[in-house]
Structure formats: C-alpha cells, structure tokens
Amino acid sequence: MSLRMAFGASLGALVAMALAIATGLIVATDQVAKTASALSENVHRVRLAQHLQIDLLLHARAVDELRKADEAQRMREEIAESEGYRRSVASQAAFQDASRAIRTYLTAPNADSLRVAYAAADQFVNAEESDATALAHVAADWRTRAIALGATLGLLLVLAATGILFWFRTATLRPILELNRAMRSYAAGDRSAAAPQEGAREVREIGQAYERMREALRQQREDQVTFLAGVAHDLRNPLTALRLAHAVVREGKAVSETRLRSIVQITGRQVEQLDRMVGDLLDSTRLDAGRLELRLGSVDLGALAEEAAQLIRSATPDRAISVDRPAQPLLAWADPTRVEQVLVNLLSNAVKYSPDPSPIDVRVGREGDQAFVEVRDRGPGLSDEDKRRIFEPFRRVGAPSAAPGTGLGLYVARRLVEAHHGELSVENAPGGGSIFRIRLPGVNA
Ligand code: ADP
C-alpha cells in the first residue's frame, strides 16, 4: 500500500468515525430535548387535571351562588384548555369521561353526579400521571442509549486511532528508522548494512534505490581493485626487462655487441610500452575525474585520417594503408589531437592483429548529421562477446601475447570518443576481418 493511499484511508476512517459520533450525539440530544419538552407539558397537564378535581370539590362545598358560578366557570376553562393537548389513548378516554361527567354534574349538581364526576376526575389525574411516568421512562431510556452510543463510538475512535498509530509505526516509521540506521552504518564504513524491504511502497522504493546504490558502489570498488591489479600486472613485464638489463650493465661482464643491441632494443620497447601505458592511465583517470579538457573545433576528419595513416605507414612501411576520403573537407566538431590519438590506436591495432602484409582500409564519410571514419583490417575478426569485452580496461582477447599491448587502448579510445558525444563501435567485415567505426558530430560546411 502506498503512503498516500494509507493516509487517505486513515483520514477517511477518522472522519467517518467523527461524523458517526456527531450524528449520534445530535440524534440523542434532539430526542432528550423533545422528551424534556413533552415531560414539562405533561407535568402541566397533571397539574391541570388536579386543579379540575380540586375545583370540583370547591364547587360542591361552596354555599354562595357567586362562588359556585366562579368555580363552574373555572372548571369549564380548565376542560377547554385540557382539550387542546395530545395525549395517550387511555389518557384521552379518561379525559373524555371526566369532562362529560363534570358537565353532567354542572348541569344537574347532586350527590350522585358529584361522586361520578369526582371518580372520573380522579381517573383522569391517574391517567395523566401514568403518561408522565411513561415519558420519564422514555427519557431514562434515551439517556441510557446516549451513554451507550457515546461510550461505544468513543471506544471505536480510540481503537481506530490506536490502529492508525500502530500502522504508522510499523509500516512507515520503523522502516524509515531502520533505513536511516542502515545509511548511517554504511557511511561509518559498514559495507554490509542492508536496507529493510518492508513498509509502505514509497519507503520500500527508497530502500530499493539504496540497495541499487550499494550494489553500484560495490561493483565500482571491485572494478577499481581489478583495474589496479591489471596495472600492477602490466607493470611487471617492462620492469622485469629493465631490471635484467640493469643487472647486465651493473655486473660489468663483457657482453657481445649483438647482445647489447638486443638489450637496448628490448628496453627501448619496454620503455615505449611503459610510456604508452602511463599515458593511457593518465587519460583514463582524467576522464574518470571529468578533468579531460577537449579543445573542440571544426576539424577535417579526412585530413586527420590521412595524417594518422601516414604516421603508421612510416612505422610499418610494408603494410598497404589506403585512405578513401571525399575531395571536400569533411568537418567534425572535435579535438584534433584526441581524434588522431584514437585513429592511431585503431590503425596500430589493425596492424598488430591482422596478418602481415594484409592491407588496411580507411574510409571517411558522412551519415546524416554525423561524420565517421572506418578502419578495416583482414584479421581474425571478433566474436559477439569479444566485441563487447575489448572495450573493458586491460581486456585482451584471442592470443594477446602474440602482440605487445596493455589492453587499455580501446577502453581509453571509446571514452575519448564518447567525451565528444560520439560513438566507437566494432563489427565484423563481410569478407573477414573487423571494422572499427568512429562517429562524431558533424559540422555543416
Ligand atoms: P592492446 O592492443 O594494448 O591489447 P586494446 O585496448 O587496444 O589493447 O585492444 C584490446 C584487445 O582487443 C586486444 O588485446 C585484442 O585482443 C583486441 N583487438 C583490438 N583490435 C583488434 C583488431 N583490429 N582485430 C582483432 N582484435 C583486436
């Protein structure tokens, strides 16, 4: 469940509970108010019935006619007032009897009619009192109901609030606290501090993002260790060669000129390799740190390809390197030194990894708004997996010991091209061999 949904549901439940409590209290208050008003009216009716009975006795006892007429008038008024009230069926029947008997008495006052009227008035008083007692019971019932309703809804509200608090603790707060603890432990150096994968969806997503970051950092550390191991391993060969040469010179033994020449050649090659490796390492660390400065400008890719081919031709005069380029300058937005470095790397790989004296073809062209250079050789080509792996640092495939190298050239070359917002890819050529292609942002001439 997501946090938003959970909060919405909790809020909805609390609002529904509050509405139910408010409605229950309004209904109960209304009923109590109605019963109270009915009760007060009933008390008045009881008093009216009692006055009627008393006035009947006063009328019977009165000796002077004026007083009698006065009491009779009062009774008529009391009967008229009593008529206006609504009452229970029994009470209404008692009222009808009493009013009829009193009127009969008033028309023909004698001992019999007085007895009947008094008894009827008594019944009427009793009936009105019964009504009042019934109403008092209704009021007591409503009071009990209101207390029960209030207590039940209050308890439910407390339970709902406790449930929501409990959910908030287990689903939200606790996973957040654990996540916080894991991050702090990680920051303090505990690489095994894992994030909890529980709680609300958003909290789980944060936990998953943390785990991805932890995995990425672990992978990065592993890559760094592998990289350093590769550097250390590749430094060994040149160092061993230099140490051996140094031992020969230090011992001062007589060495033939041929042997000396061979030592100088070997150490020269190893120093060159060291130089190339240190250069590649420097480039790769600068690229990693984002400190590689490119001097971007509009450059003619055709001319650059020609220069690189010329450089390789001078080192390997027996290899035929052709350059197919448009007559017009083919402009790309790039740093010429870096692009030439990449081209020289691709060409020297083509020479190293294809049989002597197979030709090497360079082709320069445009595709949409991109300029490209292709280097094609007649070597063994590459398997699908090797096509991906050769761009990893220190990765050498096939029979690498056959040719000198560090395994850093293509790694640096691809990153240099990518720093230009370009692409370096490889595919197998139709008739055998491989084609390395650089694509760079073109410039409209
Ligand atoms: P290096 O040439 O110093 O070993 P690179 O990074 O330039 O390092 O190349 C990585 C690996 O890719 C090489 O060792 C080789 O196995 C493979 N490779 C590079 N260029 C070619 C090519 N033109 N044909 C076949 N394999 C190649």
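The legends below describe several close-up views of this structure, which is a predicted model.

**View 1**

A polar side-chain atom of N349 lies 2.8 Å from an oxygen atom of the ligand. The backbone also takes part in such pairs: a polar backbone atom of G407 is 3.1 Å from an oxygen atom of the ligand, and for a polar backbone atom of L410 the distance to an oxygen atom of the ligand is 2.7 Å. Taken alone, the ligand exposes 530 Å², and the protein buries 97% of that area.

**View 1. Strand β2 and its partner β4.**
Strand β2, made of residues 321-324, has a covered face formed by I321 and V323, while S322 and D324 belong to its uncovered face. Strand β4 (residues 360-367) runs parallel to β2, and the two are joined by 4 bridges. Within this pairing, D324 of the uncovered face stands opposite R363 in β4.

**View 2. The loop between α8 and β4.**
Both P357 and S358 lie in the loop between α8 and β4. The peptide bond that leads from D356 to P357 is cis, with an omega angle near 10 degrees. S358 has a relative accessibility of 12% and therefore counts as buried, and its side chain reaches the backbone oxygen of P355 at 2.6 Å.

The side chains of R74 and D70 meet in a salt bridge, with a distance of 4.0 Å from N to O. Both residues lie in helix α2 (residues 65-83), where they are 4 residues apart, or about one turn of the helix. R74 is partly exposed, with a relative accessible area of 36%, and D70 is likewise partly exposed, with a value of 40%.

R218 counts as partly exposed at 35% relative accessibility, as does E222 at 41%.

D283 and R286 are joined through their side chains in a salt bridge, with 3.7 Å from N to O. Their positions in helix α6 (residues 257-288) are 3 residues apart, so they are separated by about one helical turn. D283 is buried, with a relative accessible area of 7%, whereas R286 is partly exposed, with a relative accessible area of 34%.

**View 3. A network of salt bridges.**
Side chains of opposite charge can pair when their charged atoms come close. A search of the whole structure finds 33 salt bridges. Shown here is a network of salt bridges that links E41, R45, R87, E128 and D131.

F394 is placed in the loop between α9 (384-389) and α10, and H421 is placed in the loop between α10 and β6 (423-428). Phi of F394 is near 60 degrees, which is a positive value in a residue other than glycine. For H421, which is also a residue other than glycine, phi is positive as well, with a value near 65 degrees.

Notes:
Residues are numbered from 1 along each chain as its sequence is written. This is a predicted model: local features need pLDDT of at least 70, side-chain atom pairs count only at pLDDT 80 or more; totals for chains, interfaces and linings use all residues. Side-chain values use heavy atoms; hydrogens and water are left out. Buried means under 20% relative accessible area, exposed over 50%, partly exposed in between (1.4 Å probe, protein chains only). Two strands pair if DSSP finds at least two bridges between them. A polar contact is a pair of N or O atoms within 3.5 Å; within protein, one must be able to donate a hydrogen and the other to accept it, and residues adjacent in sequence count only if both atoms are side-chain atoms. Accessible areas come from the Shrake-Rupley method with a 1.4 Å probe; for residues, only the protein chains shown count as cover.
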